[in-house]
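Colleague: Hello! Could you walk me through this structure and show me how to read its features?
Modeller: Gladly; have a look at it first.

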Amino acid sequence: MQITLETRSIVTLAEDALVTYLFEESDPIHGRIAELDKLTGGLLGRLAKSGELTGKTLELTLVHAPAGLKTARLLLVGAGKPGQFNPATLRKVAGAALRYLKTRGVHKFVFAVREGGLTEEAAQAVTEGVIASDFESDKYKTDKKNDKFIEALSIAGYGGAEKAAGEKGIARGRFVGDSQNFARDLVNEPSNKLTPRILAEKAEAMATEVGLKVEILDEKKIADLKMGALLSVAQGSVEPPRVIVVTYTPANPKLGAPVIGLVGKAVTFDTGGISIKPSDGMEKMKYDMAGGATMLGVMRALAALKPSVKVICVVPATENMPGGKAQKPGDIQTAMSGKTIEVLNTDAEGRLILADGIHYAKQLGATHLVDAATLTGAIVVALAGINVGVFGSDQAWTDKLLASAKAAGEKMWPMPMDEEYREFIKGSFADIQNISSGKGGGAITGAMFIREFAGDTPWIHLDIAGTAWNDDAKPWLAKGPTGVALRTLVHLITSL
Ligand code: BES
Ligand code: ZN
Ligand code: ZN
C-alpha cells in the first residue's frame, strides 16, 4: 500500500473516496466541515439534522457522488467527543475507514486530517492506523478476495500540509506499522509452521535485512550456558529450543548511557506440558510466542528509527510439550543464575524461560530491562482484553513506560508488586517455586517470580496474555494477533 502526503486542496481531488471525520457535539457541522457542507449545498447539515450524522465514535456515513465535490465518495467517520480526541482515536478513525472502504471495492482514497496544518504526529498516527488495519489473518486461506485491497492513499490537511513534517510522520508511521504487522504475521503462524528453529530463521532473516547484529544460540550453546530453566521446558519436546539475540548499537554510543534489554517469551506452542491444558481452546496457544514476536518487531522498527541507546533483544524460544522426557511436577531445576526452582506446575513455563532470558540479557550488559509475555490467564481475569498488565521494580523506569503507553495510544495498567507477595513463591524444597499454592493473585505471582532474576536491575514486565490476541474483529483491526506493546516500546526507546 502506497502512502503519500497530499498537498493539494482536498476539494479538487478526484479520488475513489475522500475520508474525513466529525465530532460529537451539538452542531457537528462546524469548523472545517462547514466548508465541505457549503460545497455540497448543505448536504451534511441535512444529514446531521435527520440524525444520520452525529459524530459518535466510529459511526460511518458514506455519501456517493457528493454534489460539488470531485470525489466519487465522501466517507464521514465519527470521532467522538472533541475533548477526548487524541492520536489514538485518529488511528482508529483512519483504520476503520480503510477496513470499510476496502470491502467496497475502493482502491484509492484521500484521508483529510481536520484541524490546522497536518502535523508530524497526526501523519504518523494515520499511517500507523491504516497499516495496522490493512493486516488480515487470512494467510492460509486459498479463496482470498483478491479484488479487495487498498492500493494507495494520501494524507491531507485541510489547512494544507507542511511537507517536511508530514513526510517525516508518514515515514515513521510506516516503520512502526510495518513492524507491528511483522510481529502479527509471526503470531498468526500455527505451531507446525513456526517452531523455535523456524522463528530463529525468520528473526535472522529480518535482522540481516534491516542491518542488525543477530546471534542464534542452539541447544548445545544453551546447555553450555547452563540455561537449566529454559531447557527444563524444552526437554518435553522433540523440537530443540533456540535463543535469539538481536542487537542494535547506535552510531555514536554515549558513555554511561543506559543499555536496554528486551526479553520476549516465545513458546511456539503451550500444551501446558505434563500439567496439560484442557483441549477446549488450546489451539489459541500458538500465540504464546507473542512477547517474543513483539520484541523482534520493536528491533525491526528501531533499526530504521535509530535511537541513541544500545538495545539487546533476547528471545528464548521453545515448545511446551508433554513428551516422554518432559519435566514433571515437583522436579527441581537450576536456572542459569544458579537459583533452584521447584516446578510445581509445568504450565507455568513462561516464567521459567524468561528467568534465563533475563539473566542472559543482564550478562550481555543490559542496565534496564523490559519483558513481554503472554504469561497468565489471571491477567485476563483482572484486566480482560483491554489493558496490558504492567509490573515494575523501579518507579522511574515504570513511569517512563506508562507515559510512552499513553503517547502511543496503548492501554496499560500498573499492577502491585508488594514484598508480601514474595512469600507466595518461597520454595519448600528449593529456593523458589514456579506457582503459588492457591493464594490468588496469579498474574502478580508470575511477575514476582521473574523479578527474582532481574535482581536490582530496573525491570518491567508486561503481561500481554489478554491483549495480544483479538478474539473478535474490531472496526479498525482484524481478528487475531494485535502486535500490542510494540508502539509503546518503540516510543519509550526512541525518546530516551
Ligand atoms: N501461556 C499461558 C498463559 C495463558 C493462559 C494465556 C490462558 C491465555 C489464557 C501460561 O503459560 C500459563 O499456562 N499460565 C498458567 C499459570 C498457572 C499454571 C499458574 C495460567 O495462567 O493458567
Ligand atoms: Zn503455560
Ligand atoms: Zn505459556
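Modeller: Let me begin with one residue and its surroundings. Leaving aside residues up to four places away in sequence, Lys-277 touches Asp-270, Thr-271, Gly-272, Met-282, Met-285 and Asp-347. Please keep in mind that this is a predicted model.

Colleague: Thanks. Where does Lys-277 lie?

Modeller: Lys-277 sits in the loop between strand 10 (266–270) and helix 9 (290–305). Its side chain and that of Asp-347 are joined by a polar contact of 2.9 Å.

Colleague: How many residues surround ligand 1, and which are the closest?

Modeller: There are 16 residues around ligand 1, and Lys-277 and Asp-347 are among the closest, together with Asp-288, Glu-349 and Gly-377. To read such a site, go through the atom pairs one at a time. A nitrogen atom of ligand 1 is 2.9 Å from an N or O atom in the side chain of Asp-288. With Leu-375, a polar backbone atom is 3.4 Å from a nitrogen atom of the ligand. An oxygen atom of ligand 1 is 3.2 Å from an N or O atom in the side chain of Lys-265.

Colleague: Now the whole chain, please. Which domains is the protein chain divided into?

Modeller: Domain 1 covers 2–158 and domain 2 covers 189–494. Their C-alpha centres lie 38 Å apart. Where they meet, 15 residues from domain 1 and 14 residues from domain 2 take part in the contact.

Colleague: How should I read the size of an interface?

Modeller: Interface size is often expressed as the accessible area that is lost when the parts come together. Here, about 1100 Å² is buried between domain 1 and domain 2, with carbon and sulfur atoms giving 61% of that. On the domain 1 side, Arg-91, Arg-99 and Tyr-140 supply 36% of the area buried against domain 2, more than any other three residues.

Colleague: And what is the count of salt bridges between domain 1 and domain 2?

Modeller: The count between these domains is two salt bridges, while the rule finds four residue pairs in polar contact across the interface.

Colleague: Which helices supply at least two residues each to the side of domain 1 that touches domain 2?

Modeller: They are helix 3 (87–102) and helix 4 (120–133). Helix 3 gives the largest share of that side, six residues. By type, the side of domain 1 that touches domain 2 has six nonpolar, three polar and six charged residues.

Colleague: How many salt bridges does the rule count in total?

Modeller: The count comes to 22 salt bridges.

Terms used. Residues are numbered from 1 along each chain as its sequence is written. Chains are lettered from A and ligands numbered from 1 in the order in which they are written. This is a predicted model: local features need pLDDT of at least 70, side-chain atom pairs count only at pLDDT 80 or more; totals for chains, interfaces and linings use all residues. Side-chain values use heavy atoms; hydrogens and water are left out. Domain bounds come from an automatic or database domain assignment. Contact means heavy atoms within 4.5 Å. Buried area is the accessible area (1.4 Å probe) that two parts lose on being put together, summed over both. A salt bridge is a side-chain nitrogen of Lys or Arg within 4 Å of a carboxyl oxygen of Asp or Glu. A polar contact is a pair of N or O atoms within 3.5 Å; within protein, one must be able to donate a hydrogen and the other to accept it, and residues adjacent in sequence count only if both atoms are side-chain atoms. Helices (H or I, at least four residues) and strands (E, at least two) are DSSP runs, numbered from the N terminus. Ala, Val, Leu, Ile, Met, Phe, Trp, Tyr, Cys and Pro count as nonpolar, Asp, Glu, Lys and Arg as charged, and the others, Gly among them, as polar. A residue is near a molecule or strand if one of its heavy atoms lies within 4 Å of it.
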